[in-house]
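Visitor: I have a chain on my screen and would like to learn how to read it. Can we go feature by feature?

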Amino acid sequence: MKKKLAFIITLILALTMLPSCSNQEKEAVQKVADGFMSSLESGDFSETTQYSTDEVRNQISIRELENLSGVFYESIGLKKKDLSKKTRESVDNFSKKMKEDFITEYKIGDIEIKDKNKKATVQVNVTYGYNPDKLADINVDSELEKIADTYMTKHKDSLTDLYVSKGSKALQKKVYSDILPDVLKAYSKKVEATGTAKQELQLTLKKQDDDSWIIDGAYVSGDASSKDSEK
């Protein structure tokens, strides 16, 4: 009788501990998910390394956004020092705003612990400051052509003299320094016009050898749904 009673008590204790362990794991998982999403929301993407693998950062293009100004300079074949102070500030401000507006709000949803507390999934509802799915469709060719034509007409003689005296590289630096702020303004307006967007994001996490959790996957559900900009 005593053995049977002891067995029943042990079983009851074990069963009552299960929800507690599960809750502890969910709290640990939510803390990691919150830390990751908060880093994205703040625009300080460097902090995401504390919560996720490099593969995840590549999955959602964090690296490109984190070094957006560097990617920009590389694309035009110039270094930051090649441009004027005003233009460098324009590039930095543009990059900063793109990062800050990437995710403007998030809400942690369902959390599921599975595979004997070794893996987890977290549903997150995110709001973007612009629609990331529409960025590839943005075209500022007409604006660029207008800005360039106006600039070249106004400065034709001085630009010709610069080319003759110092060459094409000096001309390239001068032209980019003078027109890029206006080009970035035009592009920023197109980005804003995509409107805010909402999307569901699923984070997958795995428990590491030290029992801490790390995000090892990030997957979006469908296309981002836009709300047209009201500005």
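Predicted model: local features only at pLDDT ≥ 70, side-chain atom pairs only at ≥ 80, totals over all residues.

Visitor: What share of the residues in the chain is buried?

Guide: Of the 231 residues, 34% are buried. Contacts along the sequence are worth a look too. Take those between residues at least 6 apart in sequence: 67% of them join residues at least 24 apart.

Visitor: Now helix packing. At what angle do α6 and α7 pack?

Guide: For any helix pair, read the angle first, then the distance, then the residues in contact. Helix α6 covers residues 141-166, and helix α7 covers residues 168-193. They pack at about 165 degrees, and their axes are 9 Å apart. An angle over 145 degrees counts as roughly antiparallel, so α6 is roughly antiparallel to α7. Their crossing is right-handed.

Visitor: Which residues of α6 and α7 make the contact?

Guide: From α6, they include Leu144, Ile147, Tyr151, Leu159 and Leu162. From α7, they include Leu171, Val175, Ile179, Val183 and Ala186. Charged residues take part as well, among them Glu143 and Lys166 of α6 and Lys174, Asp178 and Asp182 of α7. By class, the contact has 12 nonpolar, 1 polar and 6 charged residues.

Visitor: And α5 with α7: are they parallel or antiparallel?

Guide: Helix α5 spans residues 85-100. The axes of α5 and α7 come within 8 Å and cross at roughly 20 degrees. Angles under 35 degrees count as roughly parallel, and α5 and α7 are therefore roughly parallel to each other. This crossing is left-handed.

Visitor: Which residues of α5 and α7 make that contact?

Guide: On α5, Lys86, Thr87, Ser90, Val91, Phe94 and Met98. On α7, the list includes Tyr176, Leu180, Pro181, Leu184, Tyr187 and Val191. The class count is 9 nonpolar, 4 polar and 2 charged residues. Asp178 of α7 is in this list, and Asp178 is also in the contact with α6.

Visitor: Next, the cores. What is the general idea?

Guide: In soluble globular proteins, nonpolar side chains tend to be buried together. Here the largest nonpolar core has 45 residues. Phe36, Met37, Val122, Val124, Leu203 and Leu205 touch the most other members. Helix α1, residues 2-42, gives the most to this core, with 6 residues. There is also a second, separate core of 6 residues, which includes Ile147, Tyr151, Ile179 and Val183.

Visitor: Which residues does Val122 touch?

Guide: Skip residues up to four places away in sequence. Val122 then touches Val29, Ala33, Ile108, Asp110, Ile111, Leu201, Gln202, Leu203 and Leu205.

Visitor: What about Thr121: is Thr121 buried or exposed?

Guide: Read the relative accessibility. Under 20% is buried, so Thr121, at 8%, counts as buried. Thr121 sits in strand β2. Beyond its neighbours within four places in sequence, Thr121 contacts Asp110, Ile111, Glu112, Lys114, Gln202, Leu203 and Thr204.

Visitor: How should I read a phi angle?

Guide: Most residues other than glycine have a negative phi, and most peptide bonds are trans. Look then at the loop between β1 (105-114) and β2 (119-128), where Asp115 is placed. Asp115 is not a glycine, yet it has a positive phi of about 50 degrees. Lys116 lies in that loop too. Its phi is also positive, near 55 degrees.

Visitor: How exposed are Asp115 and Lys116?

Guide: Asp115 counts as partly exposed at 46% relative accessibility. Lys116 counts as exposed, at 80%.

Technical notes. Residues numbered from 1 in each chain as written. Heavy atoms only, no water. Axes fitted to C-alpha atoms, helices over the stretch in contact; angles between N-to-C directions. Helix = DSSP H or I, 4+ residues; strand = E, 2+ residues; numbered from the N terminus. Parallel < 35°, antiparallel > 145°, perpendicular 65-115°, else oblique. Left-handed = near helix turned anticlockwise from the far one by under 90°. Contact = heavy atoms within 4.5 Å. Core = buried A, V, L, I, M, F, W, Y, C linked by side-chain atoms within 4.5 Å. Buried < 20%, exposed > 50% of the residue type's maximum accessible area, 1.4 Å probe, protein only.
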